[in-house]
Amino acid sequence: MTPRPFAQIDVFTDTPGYGNPVAVVLDGSGLDDAAMQRFARWTNLSETTFVLPPTEPAADYALRIFTPGGELPFAGHPTLGSCFAWLAAGGQPQRGDVIVQQCAKGLVPIRRQAVDGREHLAFAAPPSTRSDPSPVVLAQVAQALGVPAAQVQRAQLLDNGPAWLTLQLDNADTVLALEPDQAQLARLGQKVGVVGIHQAQGALPLIARSSREARAFTAAAGREAAPLIEVRAFAAPIGVTEDPVTGSLNASLAQWLIAAGELPASYIAAQGTALGRAGRVHVERDADGQVWVGGDCVRMVQGEVLL
């Protein structure tokens, strides 16, 4: 067993203990798949990552991402947390304030900037496919969530590496009140995301669609605004009953709902509220149409792990 540098980072929060933790092994060289999976089961976090030398010349490092139940080609909060840990450990990106991560999904750019004296990271949302879910599966998922059909406004199967059957419900209060049947969700074998707009903020998408000036105001105020939407993520099939804050889901639902005109080009999503967390996901679509998903990170644990 080899001592390896290790960190545990709380992601999508500036307050320790209120985001989503990721375990980061900063040198995964020489570990086989079984060893990585075993350690990911032991940490019992939604994700554990292993930093490796890149094989792509444009990448600064390579990353493998494991849940307790298996490996993922991409995930959002592990991307931000691993980048934060890599930088804190002395990592030097080739392109200044843009770090390039190599993972099974491909190359993922991550930009860093100072926000109120903190280092704020945001990843470029990878391409996401969208398709209509099977009506039978959608009805089964809604039943497992305990949601009447009238409260489901729209649904799509979103896939940017992880696949999420995502339902937009009538409002954020409905999302927060969910008490799903986790055993039934596990039997269905489908990861499920839900989103609802906060009623006090519900006019924003309509305002944002109505004029260029309103859209510019929304974007400028985005960092200080109250959360526009509430998000929850249920991943019982991979051993995670509810993920506190989910970057991949927020990325693909942003691409979906911004394109559909349901959300403005810049907003904040809240996630983790039902778990006593206070995750804040900052979403912005730039002038080129690229969606960026970011947030704050704080280091909770630093040391070595024997693997």
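**Close-up views of a predicted model**

**View 1. Helix α1 and the elements that cover it.** Around the buried residues of α1, the covering elements include β1 (3-11), β2 (20-25), β3 (48-52), β4 (61-67), β5 (70-72) and β18 (297-306). Please keep in mind, here and in every view below, that this is a predicted model. The helix itself spans residues 33-43, and its buried residues are Ala35, Met36, Gln37, Phe39, Ala40 and Thr43. Just past the helix comes Asn44, whose phi is positive, at about 60°.

**View 2. A look at Thr43.** Let us stay with helix α1, where Thr43 is found. Is Thr43 buried or exposed? Its relative accessible area is 17%, and because buried means under 20%, Thr43 counts as buried. The side chain of Thr43 reaches back to Ala40, meeting its backbone oxygen at 3.0 Å. If neighbours within four places in sequence are set aside, the contacts of Thr43 are Ala23 and Thr48.

**View 3. Glu47, a residue picked out by a database record.** UniProt, in an unreviewed entry, lists Glu47 under "active site". Where does Glu47 sit? Look for Glu47 in the loop between α1 and β3. Glu47 is buried, with a relative accessible area of 8%. The side chain of Glu47 makes a polar contact of 3.0 Å with the side chain of Ser46. Which residues does Glu47 touch beyond four places in sequence? They are Pro21, Val22, Ala23, Ile65, Phe66, Thr67, Leu72, Ala75, His77, Pro78 and Asp243.

**View 4. Strand β6 and its partners.** This strand covers residues 98-103, and five of its six residues are buried, so β6 is largely enclosed by the rest of the structure. Two strands to look for beside β6 are β4 and β7. With β7 (residues 106-115), β6 runs antiparallel, and six bridges join the two strands. Ile99 has Ile110 as its bridge partner in β7. To follow the chain from β6 into β7, trace the hairpin, which joins them through two residues.

**View 5. The two sides of helix α3.** Helix α3 takes in residues 135-145, and its buried residues are Val141, Ala142, Ala144 and Leu145. Why do these residues line one face of the helix? Seen down the axis of α3, they fall within an arc of 160°, so they share one face. Among the elements that cover these buried residues are β11 (163-169), α5 (182-188), β12 (192-197) and β13 (229-235). Turn to the face pointing away from the buried side, and you will find the exposed residues Pro135, Val136 and Gln143. Just after the helix, Gly146 takes a positive phi of about 80°.

View 6. Across the protein chain the mean pLDDT is 92, and 92% of the residues reach 70 or more. One stretch to treat with care is residues 203-223, where pLDDT stays under 50. For this stretch the model has 24 contacts beyond four places in sequence. Where pLDDT is low, the predicted coordinates should not be read in detail.

Technical notes:
Residues are numbered from 1 along each chain as its sequence is written. Side-chain values use heavy atoms; hydrogens and water are left out. Buried means under 20% relative accessible area, exposed over 50%, partly exposed in between (1.4 Å probe, protein chains only). Helices (H or I, at least four residues) and strands (E, at least two) are DSSP runs, numbered from the N terminus. The arc is that of the directions from the helix axis to the C-beta atoms. Contact means heavy atoms within 4.5 Å. A polar contact is a pair of N or O atoms within 3.5 Å; within protein, one must be able to donate a hydrogen and the other to accept it, and residues adjacent in sequence count only if both atoms are side-chain atoms. Two strands pair if DSSP finds at least two bridges between them. UniProt positions are given in the numbering used here, feature names are shortened, and annotations may be inferred rather than shown by experiment. pLDDT is the predictor's confidence in each residue, from 0 to 100.
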